[in-house]
Amino acid sequence: MDQTELKRLVAQAALAYVEPGSVLGVGTGSTVDLFIDALAASGIALAGAVSSSERSSQRLAAAGIAVLDASSVERLGVYVDGADEIDPQGNMVKGGGAALTREKIVADLAERFVCIADESKCVDVLGAFPLPVEIIPMAAAQLSRRFAALGGTAQVRQGCVTDNGQHILDVRGLRITDPLAFEAEVSQWPGVVTVGVFARHRARVALIGTPQGVRTRLHD
Ligand SMILES: O=C(CO)[C@H](O)[C@H](O)COP(=O)(O)O
């Protein structure tokens with residue numbers, strides 16, 4: 001089974017967490033694209049969706065699902081999104097698709113983050129995937145020096161402007177052994193908009209696609 005098939009499996013499995021008639025939080029990426037397709041085909045009627053990117057908003061609208069503004073919603077039951085890495089506790093690295101800021105905002109509205117990922121995303125310690133950090137462009141050099149002091153090598157993602165008009169730094173070579181402390185620390189650095197570690201908003205449910213089927217992990 002190839003990676004796309006594994007993504008399709010978890011996309012389908014996530015439908016079990018969608019409450020008919022609710023407003024659903026929807027993330028971004030190729031796995032989420034497949035989830036939106038599955039949702040459209042399922043016939044589950046939603047009150048609407050709060051989306052984490054222009055890309056997902058367009059796909060939701062094309063599927064006939066109403067896209068609501070995050071500010072019109074006080075609370076969401078479920079947020080479904082993918083990840084670039086997920087550790088055994090449900091902490092994640094996200095932002096490979098540059099949507100991390102809106103992803104964290106929508107995740108913060110939700111009671112439960114349901115992560116959908118193929119098994120290649122599972123790691124023991126976060127950091128093998130280059131860590132995306134959305135930044136204010138003028139802070140790029142000084143933030144790169146801060147990451148260098150932690151053993152990381154930061155590079156501005158060429159040609160990438162986020163939905164918020166900012167830039168992405170990709171940081172290689174980090175080993176994030178305490179994701180909660182790391183997220184708290186880096187989030188305070190001037191010029192950081194959002195760090196792609198999701199520890200405070202970790203996955204409560206992880207649906208992992210394997211050739212043997214979907215493995216469900218609960219992280220309470
Ligand atoms: O964080 C993300 C986008 O900013 C995605 O969830 C992450 O990059 C995984 O993407 P994919 O489902 O395409 O593997």
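Helices here are DSSP runs of H or I with at least four residues, and strands are runs of E with at least two. Counted that way, the chain of this predicted model has six helices and 14 strands. Its radius of gyration is 17 Å, close to the 17 Å that the globule rule gives for 220 residues, so the chain is as compact as a globular protein of that length. Along the principal axes, the C-alpha atoms fill a box of roughly 50 × 40 × 30 Å.

Now look inside the chain. Buried residues account for 48% of the 220 residues. Sequence separation comes next. Take the contacts between residues at least 6 apart in sequence: 74% of them join residues at least 24 apart.

The chain is assigned two parts. Domain 1 covers 3-123 + 200-218, and domain 2 covers 131-194. Their C-alpha centres lie 24 Å apart. Where they meet, 13 residues of domain 1 are in contact with 13 residues of domain 2. On the domain 1 side, α4 gives the most, with four residues. By class, that side of domain 1 has four nonpolar, five polar and four charged residues.

Turn to the ligand. There are 17 residues around it, and Gly29, Thr31, Gly82, Gly96 and Gly97 come nearest. The elements giving two or more residues to this shell are α2 (30-42) and α4 (100-109). By class, the shell around the ligand has nine polar, four nonpolar and four charged residues.

Methods. Residues numbered from 1 in each chain as written. Predicted model: local features only at pLDDT ≥ 70, side-chain atom pairs only at ≥ 80, totals over all residues. Near = placed C-beta within 6 Å. Nonpolar A, V, L, I, M, F, W, Y, C, P; charged D, E, K, R; others polar. Rg over C-alpha atoms; globule rule 2.2 N^0.38 Å. Buried ≥ 20, exposed ≤ 12 C-beta atoms within 10 Å, placed from the backbone. Contact = placed C-beta atoms within 7 Å. Domains from an automatic or database assignment.
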